[in-house]
Amino acid sequence: MLHPAPAVVIADDTTDRILDSALAQYETWGVRRTTVEDVARRAGVSRVTIYRRFGNREGLAQAVLLREENRFFGELGRALERYRSPVSMLAEGFAFTLPYLRRHSLLNRLIASEPDVILPYLTTRAGPALATARRYIAAGLRQSPRIAGRRARWNLAEAEVLAEVFSRMLLSFLLTPETVANLETGDDARRFARRYLAPILSAGAAR
């Protein structure tokens, strides 16, 4: 079971090297078969250095996952920065996110070989992941007030409900990719979002 990483992790080249090394080990061997010694050897640091910065083996794994989450949202933000309308942001966000997560090396490694490590955080214990996605999407909706050629007065509750619907739908498509809708590529996901998700967005906008 993964536990929260220490509240403060020193941000420097050594920490980045440790996290890079841990990520590479996890992608190759999985979380269970990776030891602190393995990561220390690969990063060229002592085990004590890792323990001081991350607390324990679980804290290190949690820090890697947190950094991957932050990296994803950073890349998503850059992919969406030139779009202004909620429909375009939704379509492009869906087109970026689904292929990105489906080809994410660590995520796919854990789902395939250690599902009991990662799946609880995507299903029964997905609250924190959904909350992060919900806040991100809701903020995007509220910063883009025009939809369907009219003014939409989003309030926080409306934006968060829609954001949760889209987050849960995306998670479902990720975990069970077999679907009657063809969502193999980013273009497929973009068309799907514009045809099926944009009407939900329009209906949810406050009059």
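## Helix packing and the main pocket

Let's start with helix α1, where Thr14, Thr15, Ile18 and Leu19 meet Thr49, Ile50, Arg53 and Phe54 of α3; contact here means heavy atoms within 4.5 Å. This is a predicted model, in which local features need pLDDT of at least 70, side-chain atom pairs count only at pLDDT 80 or more, and totals for chains, interfaces and linings use all residues. Residues are numbered from 1 along each chain as its sequence is written, and side-chain values use heavy atoms, leaving out hydrogens and water.

The α1–α3 contact divides into four nonpolar, three polar and one charged residue. In this scheme Ala, Val, Leu, Ile, Met, Phe, Trp, Tyr, Cys and Pro are nonpolar, Asp, Glu, Lys and Arg are charged, and the others, Gly among them, are polar. Helices are DSSP runs (H or I, at least four residues) numbered from the N terminus.

| Pair | Angle | Axes |
|---|---|---|
| α1 (13-29) and α3 (47-54) | roughly 100° | within 11 Å |
| α4 and α5 | about 140° | 10 Å apart |
| α8 and α9 | roughly 125° | within 8 Å |

Angles under 35 degrees count as roughly parallel, over 145 as roughly antiparallel, 65 to 115 as roughly perpendicular and the rest as oblique. So α1 and α3 are roughly perpendicular, α4 is oblique to α5, and α8 is oblique to α9.

α4 passes α5 in a right-handed crossing (the near helix is turned clockwise from the far one by less than a right angle). Among the residues in contact are Arg71, Phe72 and Glu75 of α4 and Met89, Glu92 and Phe96 of α5. By class, this contact has eight nonpolar, two polar and three charged residues.

α8 likewise makes a right-handed crossing with α9. Its contact includes Leu130, Ala133 and Arg134 of α8, with Leu156, Ala159 and Glu160 of α9. Eleven nonpolar, one polar and five charged residues take part.

Now for the largest pocket, with a volume of about 1300 Å³. A pocket is an open set of points on a 1 Å grid over the protein atoms alone, where a 1.4 Å probe fits, with protein on both sides within 12 Å along at least five of seven lines; lining residues have an atom within 4 Å of a point. Points are joined across faces, edges and corners, and the volume is the space filled by probe spheres set on them. The lining has 44 residues, with Glu69, Phe72, Phe73, Ala129 and Ala133 nearest the centre. Elements giving two or more residues to this lining are α4 (57-80), α5 (86-102), α6 (105-113), α8 (127-143) and α9 (156-175). The lining divides into 34 nonpolar, seven polar and three charged residues.

Terms used. Axes are lines fitted to C-alpha atoms, for helices over the stretch in contact, and angles run from 0 to 180 degrees between N-to-C directions.
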